[in-house]
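This report covers helix packing, strand pairing and the contact between domains. The sequence and structure come first.

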Amino acid sequence: MNETMIQFFHWYSEGEGKLWKEAEKNAKYLADLGITSVWFPPAYKGATGGHSIGYDAYDLYDLGEFDQKGTIPTKYGTKEDYVKAIKALKELNIKVIVDIVLGHKGGGDELETFKALKVDEENRDKIISDEIEIQSYTKFTFPGRGKKYSDFIWNYTCFSGVDYAEGMDSHIFKIKNEYGTDWEEMIDDEKGNYDYLMYNDVEHRNPFVREELNNWAKWYFDETDFDGVRLDALKHISFDFYKEWLTLLRSNSGKNIFAVGEYWAPGYLNLLQKYIDVTEGCMSLFDSSLQNNFHNASNEGGSYDLRRIFDETLTQADPLHSVSLVDNHDTQPLQDLEAPVENWFKPIAYALILLRKDGYPCVFYPDLYGAHYVDKDKEGNDQEIFLDKVSGIEELIKARKEHAYGEQRDYFEDANCLGWVREGDDEHSGCAVVLSNKDAYEKPMEMGERYIGKTFYDALGRFEDKVTIDENGWGNFPVPAGNVSVWIEE
């Protein structure tokens, strides 16, 4: 069966402990649809407690079990709810992918005093102060949990930088520690060195930190039996660390844990390939370049040459390491990396990731369920956002499950209309897909000899008329203007 992932949350997912219960309730629906893995948000307690999305990691061992940061449950529910949701999904053969945030920690419990250097925000290699003594919340004692599961106490030696100093304006401070005043090595020179992202930046060169994070990974696996990991903010974390961490996790769990990393670099395929190279192919990456192409194509409309849609993408260059997506929690409207795909183009984009042979497609929660939220825009004004469920999304996911198999023949000769066929295999009949970003179109394509005389219907219901395959195995497959049609044997 074809693998299909869903990101089962978005930045503004409903709080009050509802998400894990919703996932448990939706398990059968997702399985019937053809979803084979669910990517959950960070499940541990964040610095902002019950409001935390999870990316401001506070206590990795608190999965909604301890009274910390003003709450026992996380935004998404209790540990018990979480484990029940995972069990419900796994009983239906849906794999669970957990979100891992190991680059920074927020919400420290106690102030510590240590030496640091102020660095330029735009070039973190540039020191702009003498050595100074600062105080920051770098001591993590987890008073609500105590020493249950782990007695490790984080202090300033576990971090390489902070953005808070008591009594001073917010700035980035490089902590002076036994590893010197250099940041950890990254693969790119963005901002001089982009090791530092936010909060207390974890010092992965500290052997005690590495040991604790390796021990935690084994504990997390033993508690939840997850199948895969989504690794947050890779461009800010030592690539050597994750090579070691994944090797040990796979060894300690006795399971070939799937891993997909977020190295967000739209338009920079070379950086994605370089990262895969330096980590020796130990993980897949989200295809940020393809998402960027979808964003641009949706804004340019009929002037965009669809034949370029896979140019400079990981899905084309290295499909075995590509997780393809249309949108995610960072690209959705009102987020810092906002680059949403316009609604009219989304059925086209989903056809391109779901019904072709390359890449491991990931569906975004609002595209399957819709979403409604309010947040401030860049000018500080409240904006109300309605994200509609994508037209035909269920039919497209089902078509992947049931028909996107076998040899693929492409008909990419037209700038505004692409088509391809999947021939099917011994167990599945195939499909023909046509998409247009401009005019209505009819595309002749070869389905193959096995379909001679067979009739095909449009699974998305755009057309009532059927297409009959002629004596040579060809058919003329129409598509509406600015849309997609998927043709399946009756």
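Contact here means heavy atoms within 4.5 Å. The model is predicted.

## Packing of α1 and α2

Helix α1 spans residues 19-33 and helix α2 spans residues 79-91. Their axes come within 8 Å and cross at roughly 5 degrees. Because angles under 35 degrees count as roughly parallel, α1 is roughly parallel to α2.

On the α1 side, the residues that meet α2 are Trp-20, Lys-21, Ala-23, Glu-24, Ala-27 and Leu-30. Their counterparts in α2 are Asp-81, Tyr-82, Lys-84, Ala-85, Ala-88 and Leu-89. By residue class, this contact holds eight nonpolar residues and four charged ones, with no polar residues.

## The six-stranded sheet

Six strands form an open sheet with antiparallel pairing, in the order β6-β11-β9-β10-β7-β8. The edges are β6 (104-105) and β8 (132-139), each of which pairs on one side only.

Several pairings inside this order can be followed residue by residue. Strand β9 (residues 159-162) is joined to strand β11 (residues 200-202) by two bridges, and the two strands run antiparallel. Gly-161 stands opposite Asp-201 of β11. β9 also pairs with β10 in the antiparallel sense, again over two bridges. In that pairing, Gly-161 has Lys-174 of β10 as its bridge partner.

Strand β10 (residues 173-175) pairs in turn with strand β7 (residues 110-118), in the antiparallel sense and over three bridges. Here Lys-174 in β10 is the bridge partner of Leu-117.

## Domains and their interface

The domain assignment of the protein chain gives two segments to domain 1, 5-102 and 207-399, while domain 2 covers 407-489. Taken over C-alpha atoms, the centres of domain 1 and domain 2 are separated by 32 Å. The contact draws on 21 residues from domain 1 and 24 residues from domain 2.

The size of an interface is often given as the accessible area lost when the parts come together. For domain 1 and domain 2, the area buried between them is about 1,800 Å², with 64% of it on carbon and sulfur atoms. Within domain 1, the residues that lose the most area to domain 2 are Leu-306, Arg-307 and Arg-356. Together these three residues account for 33% of what the domain 1 side buries.

Notes: Residues numbered from 1 in each chain as written. Predicted model: local features only at pLDDT ≥ 70, side-chain atom pairs only at ≥ 80, totals over all residues. Heavy atoms only, no water. Axes fitted to C-alpha atoms, helices over the stretch in contact; angles between N-to-C directions. Helix = DSSP H or I, 4+ residues; strand = E, 2+ residues; numbered from the N terminus. Parallel < 35°, antiparallel > 145°, perpendicular 65-115°, else oblique. Nonpolar A, V, L, I, M, F, W, Y, C, P; charged D, E, K, R; others polar. Pairing = 2+ DSSP bridges. Domains from an automatic or database assignment. Buried area = accessible area lost by both parts, 1.4 Å probe.
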